[in-house]
Amino acid sequence: MKKNVLAVTKDLIKIPSSPNRPEAMQQVFDYAKDFFQADKNLFIKTYLRNGKSSLVVSTVDSLSPDVLMIGHLDVVDADLAMFEPKEENGKLIGRGACDMKSENAVMMCLMSELTESSNPPSVALMLTLDEETGGFDGVNYLVNEIGYRCKVALVPDGSSSPEEIILANKGVLHLRLSVIGVPAHGSAPWLGENAIDKLIQAYQKIRTVFPVGNDSDHWYDTCNLGTISGGKATNQVPDSASCTIDIRFTEKNSSSVILDLVRQTVPECLVETIVSGLPCSTPTNDPFVQLFSEVLKNKFNLSARYGRNCGGHDGRFLSALGVPVIVTRPISGDQHSEKEWVDIESLKNFVDIYREFINQVSKL
Ligand SMILES: [Zn+2]
């Protein structure tokens, strides 16, 4: 491999590509695009939707490579100090070290390497800029409007080690609930109808339909009250109030069922959808999951563990179409926190794991 994964990771971390820094978003996109300029036999396509750029590089001139690797170049915001990568005790620390500049570096270096072969496997890499803000103009657009498909998708955007394979992620539904009251002076509340009181009572009913479950990995539907607003003055009976709630649901449910449930529970509220995302689920007996597990065992002496994750990733757009999605990562942790890190040795090994899996798929 000519390109150095660790060096590329550091280059990517140094670009503070959070959604509030559009110049850095452009800069990271240009870095990724320029990275492949010298590679022959690589098909490079760029897309733009709602101001969000995406890049797809592929060894085949097709919308349907066998293997599709998916990464996002955006990160959640942090102090500028976190965009200066540091090495400490075998770890690389910085924003995106875990989620997911290091994994992007792995996939970019691997794509570049694969083009050196006279007969490369059928593989593409999709890099987008909007995963942290929903993925609708990135992977959603590329899959559901441009028409990208694959036999198997590799999405290194979850898990905390290569052998922990995440096969299910919860869906997400963000709702706004609004109620109207009748205004009055605060000294005569009996003359009005307090909108905040109504909203609190409504939310208490909603809590009862999302009870806390027993699963150790919290595999049940949850609801979080994220924001609440209403009222203008202490001495007024407020005439309106609203809140936003974040519902995460398992593959047993769907956003339309959840939405109906909420509306039936609180008919006094106007219920609006802000964000809706599908759950993601791949069966453990899927042949590609089994192949990935065999590669881990036979070549790297790692025993696969299958897990579920309450968060989401862009693989859900392919999972919804029945495509198996394999989510693993190098040994890493503390994503989105001030101490986000990746194990440097594991990062280098991760290239070997992906290379071996892709080679095995090409032999099928
Ligand atoms: Zn991520």
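A residue here is called buried under 20% relative accessible area, exposed over 50%, and partly exposed in between, using a 1.4 Å probe and protein chains only. The model is predicted, so local features need pLDDT of at least 70 and side-chain atom pairs count only at pLDDT 80 or more, while totals for chains, interfaces and linings use all residues. Residues are numbered from 1 along each chain as its sequence is written, and side-chain values use heavy atoms, leaving out hydrogens and water.

Side chains of opposite charge can pair when their charged atoms come close. A salt bridge means a side-chain nitrogen of Lys or Arg within 4 Å of a carboxyl oxygen of Asp or Glu, and the whole structure holds 21 salt bridges.

One of them joins Arg21 to Asp77, with the closest N and O atoms 2.6 Å apart. These two residues link distant parts of the chain, 56 residues apart, and each sits in a loop. Arg21 counts as buried at 18% relative accessibility, whereas Asp77 is partly exposed at 38%.

Next, find Lys10 and Glu87, whose side chains meet in a salt bridge at 2.6 Å, N to O. Lys10 is partly exposed, with a relative accessible area of 24%, and Glu87 is partly exposed too, at 47%.

Finally, Glu340 forms a salt bridge with Arg95, their closest N and O atoms being 2.6 Å apart. Both Glu340 and Arg95 are buried. Elsewhere on our tour, salt bridges that share partners join Arg49, Lys52, Asp137 and Glu145 into one network.

Terms used:
Helices (H or I, at least four residues) and strands (E, at least two) are DSSP runs, numbered from the N terminus.
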